[in-house]
Structure formats: C-alpha cells, structure tokens
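Please look through the sequence and the model shown here before reading on. The briefing that follows begins with the sheet and then turns to the helices and the chain as a whole.

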Amino acid sequence: MIKTELIHPALIGALAKCGHKTQVLIADSNYAVVTNAPRQAEVVYLNLSPGVLPAPLILEKLLSCINVEQATMMACPAGFTNTVVAEYQQLLPAGCPLVYLPREGFYCQVKSEQTLLVIASGEQRRFANLLLTVAPV
C-alpha cells in the first residue's frame, strides 16, 4: 500500500514521467483542456463536480511528490481580483517565482512539448490555471 499523500494511480504514473523543466498544468474548470494542451500530454480529470477538487488542494498534494522551480499564471484583466493567488503563494516553495503571461502567451506555453500532464480540477474561480515547471530533486 502506498503511504504518500498522493495515491491517484494516473497522477503518480504521469508525475514519474516528468523530469527537470517539464510542465504540469492545474487547470480551472473554465480551461479547455482538450484544445489548449499538447496532444501528447496526459489529461487527468479530477473535476468531480463544481468546486471539487479545488486547485489549491491539488497543488498541495502535487508538492508532496515533486519540486517546483517556477509557477506561471495567466494575467488577469485590469480590475480583476484573483483570490487564488494568495493560496498558491502560501503553498509554493519559498523563492519559487510566480510569473504572469498574457492569455495567448499562457496558452502557447501550455501547448509546448514540455507540458506532460494536465489536471482538470473543479476549481470555479476564473484565472486559477497554474502551470508548474518541475525542478530537479
């Protein structure tokens, strides 16, 4: 029996394939995971129902298995308050930069060959997509 915080078989298998500089996307429930991800990326659906599972909980569990050297988010429109950012910053390792890209730049980065895993969450907050760059052990 596995004794880690993460026991989802598909997630463990996909994470085992990741190496330094590969990318993992935690997608909010608004993200089109089929059309805005590379074809070779494994998609794991954790979007059971609206709000379940939330993206910060998924991030917390992923961080028990992988190191992250950078996190990237889509830039929000002016005047939009992104409440999920503070939760991500509390969970991300100290010194891990959080980079913002314009919408099209974000989609381009996700669609790169470096993205090996896309996790569809039930996160309902807009602009909660989080692209993680895997760091070495």
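**Overview**

In this predicted model, six strands form an open sheet in the order E2-E5-E1-E6-E3-E4, and the pairing within that sheet is mixed. Strands (E, at least two residues) and helices (H or I, at least four residues) are DSSP runs numbered from the N terminus, and two strands pair if DSSP finds at least two bridges between them. Residues are numbered from 1 along each chain as its sequence is written, while side-chain values use heavy atoms, with hydrogens and water left out. Local features need pLDDT of at least 70 and side-chain atom pairs count only at pLDDT 80 or more, whereas totals for chains, interfaces and linings use all residues.

- The edge strands are E2 (42–45) and E4 (98–101), each of which pairs on one side only.
- On average, and with direction ignored, neighbouring strands of the sheet are turned by 20° against each other, where axes are lines fitted to C-alpha atoms, for helices over the stretch in contact, and angles run from 0 to 180 degrees between N-to-C directions.
- Strand E1 (residues 23–27) pairs with strand E5 (residues 115–120) in the parallel sense over five bridges, and Gln23 has Thr115 in E5 as its bridge partner.
- E3 and E4 also run parallel and are joined by four bridges, with Leu101 in E4 as the bridge partner of Met74.

**Helices and chain order**

- The chain holds four helices and six strands, which follow the pattern α-β-β-α-β-α-β-α-β-β along the sequence.
- E3, helix H3 (residues 84–91) and E4 make a right-handed β-α-β unit, meaning that, with the strands pointing away from the viewer, the path from the first strand over the helix to the second runs clockwise.
- Helix H4 (residues 103–110) lies across E1, E3 (68–74), E4, E5 and E6 (130–134), and runs at about 135° to E3.

**The chain as a whole**

- The chain has a radius of gyration of 14 Å, which agrees with the value near 14 Å for a compact globule of 137 residues; this radius is taken over C-alpha atoms, and the globule rule is 2.2 Å times the number of residues to the power 0.38.
- Of the 137 residues, 42% count as buried, that is, under 20% relative accessible area with a 1.4 Å probe and protein chains only.
- Among contacts (heavy atoms within 4.5 Å) with a separation of 6 or more, residues 24 or more positions apart account for 89%.

How values were computed:
Buried means under 20% relative accessible area, exposed over 50%, partly exposed in between (1.4 Å probe, protein chains only).
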